[in-house]
Amino acid sequence: MALRGGTRFAVRCEDVFPAGCALVPESLGEVEDYDEKTGRRSPAKDKLTGQRVWQVRVMDLDPELGKRSRETTVKISADYQPVPPTGAPFEAVEFDGMTVTPYVTNNNRMAYSLRATGMRAPAGVTKKAAA
């Protein structure tokens with residue numbers, strides 16, 4: 001079986017973040033593409049869906065990470081900017097429609113990119129409960 005570069009594999013949020021994750025405050029923003037020929041930036045579009053791409057930084061809450069980096073980025077493909085579920089700083093979130101794309105970096109290390117189709121409060125968390 002041959003895999004092409006950029007192959008996305010479906011994963012469950014609880015498999016990627018078994019202890020959960022929390023939004024880094026004020027980290028949600030639109031991804032931009034840069035055109036080297038014109039020097040202009042434009043809103044990034046998902047190559048598979050054509051939707052705009054947003055990104056958010058999250059903290060992995062897994063205690064087994066120890067002193068390793070806990071922060072990662074999740075890109076969200078959506079027509080409109082996603083809204084954090086409660087608006088609270090460092091609020092817990094879960095992602096819908098998650099995929100992972102493995103790749104090799106310039107220094108020959110394995111890395112991966114996380115994508116999702118949406119974010120929401122974890123099951124059992126409501127706006128009133130988080131306030």
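The model is predicted, so local features need pLDDT of at least 70 and side-chain atom pairs count only at pLDDT 80 or more, while totals for chains, interfaces and linings use all residues. Residues are numbered from 1 along each chain as its sequence is written, and side-chain values use heavy atoms, with hydrogens and water left out.

We begin with the interior. A nonpolar core is a set of buried Ala, Val, Leu, Ile, Met, Phe, Trp, Tyr and Cys residues joined through side-chain atoms within 4.5 Å; buried means under 20% relative accessible area, with a 1.4 Å probe and protein chains only. The largest nonpolar core has 17 residues, of which Phe17, Val56, Val58, Val74, Ile76, Phe95 and Met98 touch the most other members. At least two residues of this core come from each of strands S2 (21-23), S6 (53-60), S7 (71-77), S8 (92-96) and S10 (110-116). Strands here are DSSP runs (E, at least two residues), numbered from the N terminus. The most is given by S6, with 3 residues. Leaving aside residues up to four places away in sequence, Val58 is in contact (heavy atoms within 4.5 Å) with several residues, including Phe17, Cys21, Val74 and Phe95.

The cysteines come next. A disulfide is a pair of cysteine sulfur atoms within 2.5 Å, and the structure holds 0 of them. For Cys13, the nearest cysteine sulfur is that of Cys21, 5.2 Å away.

We turn now to the pockets. On a 1 Å grid over the protein atoms alone, a pocket is an open set of points where a 1.4 Å probe fits, with protein on both sides within 12 Å along at least five of seven lines; its lining residues have an atom within 4 Å of a point. The largest pocket has a volume of about 380 Å³, a volume being the space filled by probe spheres set on the points. Among its 16 lining residues, Arg8, Lys47, Lys75, Ser113 and Arg115 are the closest to its centre. Strand S9 supplies the largest share of this lining, 3 residues. The lining divides into 6 nonpolar, 3 polar and 7 charged residues.

The second largest pocket has a volume of about 180 Å³. Its lining includes Val16, Phe17, Arg70 and Tyr112, and S7 and S10 each give two or more residues to it.

Terms used: Buried means under 20% relative accessible area, exposed over 50%, partly exposed in between (1.4 Å probe, protein chains only). Helices (H or I, at least four residues) and strands (E, at least two) are DSSP runs, numbered from the N terminus. Ala, Val, Leu, Ile, Met, Phe, Trp, Tyr, Cys and Pro count as nonpolar, Asp, Glu, Lys and Arg as charged, and the others, Gly among them, as polar.
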